[in-house]
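Subject: Structure for you to look at

Hello,

Here is the structure I promised to pass on. Please have a look, and read my notes below alongside it.

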Amino acid sequence: MRIRPTVRTAAALVAAASLVAVAGPASAAPGAPGTPRYTDGSTSGGDPYFPAAGNGGYDVQHYDLGLSWYADGRLDGTAVVSLRATQDLASFSLDLRGLTASSVLVDGKPARFTQLPPGPDGRGGELVVTVAPKLKAGTDHRVTVVYSGYPGQPLDNTGAQYGWVTFADGVLVANEAEGAPTWFPVNDVPTDKATYDFRITVPEGKTAIANGEPVGAPVTSGGRTTWTWSADDPMASYLATASIGDYTATTQTGPDGLPILNYVETGLSPSRAATTAASLALQPQMVAFFEGLLGEYPFSSFGAIVDEDSVGYALETQTRPVYSGVASQTTVAHELAHQWVGNSVSPTTWADIWLNEGFATYLQWRWSESRRAGYLAQQYARVAAIPAGDEFWTVSLTDPGAENLFAEAVYDRGAAFLVALQRTIGDAAFGELLRSWVRDNADSNVTTADLLALAEEVSGRQLDDLFRDWLTDPDKPAV
């Protein structure tokens, strides 16, 4: 969930170090008849909203990230990217922005590379690697990138802080939509999910938190401490985190022994700390509630990172959502619901972000309904009362535009549509729709067309008019 802050405090981006340019990418040359023709991999993942994000020609299997953060804001990194070529490649690229690579190895051998800067809009930034020998489709490779720089406080396309956001006392990492390249070389599209290992070295006394579970105890030497984490469930890059701060750790146990690991920064005000503690205390109950609607929790752990900072929103970072300033009960329910809808079941392109936010908002309403009868109907009535001329109804939920990814309509109109769908097909069919949606699409990517097909299958009804009226047409549906 991305909620816009009322007041944004964002320092200017620290100027990137000069680009390293050892050599440009090689041009493909035709081989003898019957041999592969090697080409340069695309520097775009093909998303229409963020064409500079992502790349073509390979699929990442695993990221092994060694990160060192210093109190002056410097980040040193060594990333080992295990990938599989999906076409015959003479070169390929990784997204990397505001950081400078000093060396690249492919399968242990030095490779030529060049860095392309972000475009005029500040998006993009590419590390282009020329390979010799070239990569044949279907083969696996390890790419090691050593890099460093000062990420500062990057801004997304709407001016909000995102990615690796540096503060005097630590770092909060929240990547949505394409902020991952601000701290590691990556194929930054939701469709390329991978597993992760993290080794994060910080000044002694600081705590570093990432996705998944800790591996062993932190190790301190020479005034610096290394925290190791492993995330074995496939994860889209926008859901990765490596936040650093002065955290107090607590643990809970969810259904079937699910470990719930919480980290709350010590600087919260008493009122925010009390709200956060009360909200996090409900997490085991929330997991059980959503399992009753959606099926088994999809990952190996859950928890929270609550940071005192100026980012101003929460994000469903996989297994360990981040909360800026405070974790309210409804927000915790929302970010937990995302673990099923958004994290396990992810949109194919950002144009379908309502499949994340509409579902999570609807499920958040269901949680509140379980504690206060009539809440779901009240929320639907509130949406239905918004005047037809309001801009709330002019946003197309199946193509809101990059500037409207986090518009109110994406959340509340998407949720109200699901209430309308439930009323149309009945509770039994809708319950089967929810369970089938997360079961059949686990660890994969979906579109609105996929949801329509499933809804018609489980209900036996023609629903394209309902979908079009609520999701596509830029006017108020009959509510």
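Asn 356 has contacts with Glu 176, Tyr 238, Glu 316, His 338, Val 341, Gly 342, Val 345 and Pro 347, leaving aside residues up to four places away in sequence. Please keep in mind that this is a predicted model. Asn 356 belongs to helix 4, which covers residues 354–371. Is Asn 356 buried or exposed? Its relative accessibility is 0%, so Asn 356 counts as buried, the cut-off being under 20%.

Next, have a look at strand 20, residues 302–307. Of its 6 residues, 6 are buried. On one side these are Phe 302, Ala 304 and Val 306, and on the other Gly 303, Ile 305 and Asp 307, so both faces are covered. Strand 20 also has parallel partners. Strand 19 (residues 259–265) runs parallel to strand 20 and is joined to it by 5 bridges; here Ile 260 stands opposite Phe 302. Strand 22 (residues 322–324) is parallel to strand 20 as well, with 3 bridges between them, and Val 322 in strand 22 stands opposite Ile 305.

Finally, there is an open sheet of 4 strands with mixed pairing, in the order 1-4-8-7. At its edges are strand 1 (39–40) and strand 7 (112–116), each of which pairs on one side only. Within this sheet, strand 4 (residues 89–95) and strand 8 (residues 126–135) are antiparallel and share 6 bridges.

Happy exploring, and best wishes

Key. Residues are numbered from 1 along each chain as its sequence is written. This is a predicted model: local features need pLDDT of at least 70, side-chain atom pairs count only at pLDDT 80 or more; totals for chains, interfaces and linings use all residues. Side-chain values use heavy atoms; hydrogens and water are left out. Two strands pair if DSSP finds at least two bridges between them. Helices (H or I, at least four residues) and strands (E, at least two) are DSSP runs, numbered from the N terminus. Buried means under 20% relative accessible area, exposed over 50%, partly exposed in between (1.4 Å probe, protein chains only). Contact means heavy atoms within 4.5 Å.
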